[in-house]
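Thanks for coming. I will take a few minutes on one model, starting with confidence and then moving to the aromatic rings.

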Amino acid sequence: MSDATLHAVHQDPDDFAVQIADQIESFIVAVTEVAKGDEPDSAVPFLLLEFSQLMLAGGRLGAHADILPEERYEPDLGPEPDVDDLRERFAVILEPIDVYSEVFDPYEPRTAPVASRISDDIANVVAELRHGMAHYSAGRTTEALWWWQFSYFSNWGSTASAALRALQSLVAHVRLNQPLPALDGLDTDQDLGDDALAEEAGRVMAEEIGHLTRPLA
């Protein structure tokens, strides 16, 4: 989408839909630039900033009253844009810090941590946001807002917040001079059983807590 589309003269820049679309488009453009790998050493801080700003848009959507689509069935958008290239680029840039452990639902009793990848999270979030942006570009503003709000609750909100937590942890480790523990065995590509994965993720998190409770040197 071009800036001219986002900032057409008939659109009020203070309009809720325009502001949300601006924030989402800014995120998509920014992470696509980071994925080029021109500044790999700055990738994590840039991603931390972009995900933080995206979650503001998500929070606004979450706090907004339920947005109802104007049509009963979602219009066909055609083939979805491929995000595999984006995923693969970030897997290279973020190696070996791509994999992290996350609790999917903090309110689900005894939920075991699971292995996730920041590169997967980025690709999945971008795919969800682009879907809504396609509606917005076609002039279906209410449909776009409905999709962004619905998918914020059902998918990209939790995915983006998990990635944000991992990115914040990475930056904190660096700034506080706290080495990351080895994530041996914690990998989404390995076919570990649920019990083994839970045990490994729990060990990593226990070591993480141990690092954070030690006084700074």
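How many contacts beyond four places in sequence does the model have for residues 200-217, where pLDDT stays under 50? The count is 24. Keep in mind that this is a predicted model. There is another stretch of this kind, residues 190-194, where pLDDT also stays under 50; for residues 190-194 the model has three contacts beyond four places in sequence. Over the protein, the average pLDDT is 81, and 76% of the residues score at least 70.

Now the rings. The structure has seven aromatic pairs. One of them joins Tyr136 and Trp148: the ring centres are 6.2 Å apart and the planes stand at 35 degrees, so this pair is tilted. Tyr136 sits in helix 5, residues 118-137, and Trp148 in helix 6, residues 141-175. The two residues are 12 apart, and their pair links distant parts of the chain.

Are these two buried or exposed? Tyr136 has 5% relative accessibility and therefore counts as buried. Trp148 is buried as well, at 0%.

A second tilted pair is formed by Trp146 and Trp147, with 6.1 Å from centre to centre and 55 degrees between the planes. Trp146 is partly exposed, because its relative accessible area is 21% and the cut-off for buried is under 20%. Trp147, at 14%, counts as buried. Together with Phe150, Trp146 and Trp147 form one aromatic cluster.

How values were computed: Residues are numbered from 1 along each chain as its sequence is written. This is a predicted model: local features need pLDDT of at least 70, side-chain atom pairs count only at pLDDT 80 or more; totals for chains, interfaces and linings use all residues. Side-chain values use heavy atoms; hydrogens and water are left out. pLDDT is the predictor's confidence in each residue, from 0 to 100. Contact means heavy atoms within 4.5 Å. Rings of Phe, Tyr and Trp (its six-membered ring) pair if their centres lie within 6.5 Å; planes under 30 degrees apart count as stacked, over 60 as edge-to-face and the rest as tilted. Helices (H or I, at least four residues) and strands (E, at least two) are DSSP runs, numbered from the N terminus. Buried means under 20% relative accessible area, exposed over 50%, partly exposed in between (1.4 Å probe, protein chains only).
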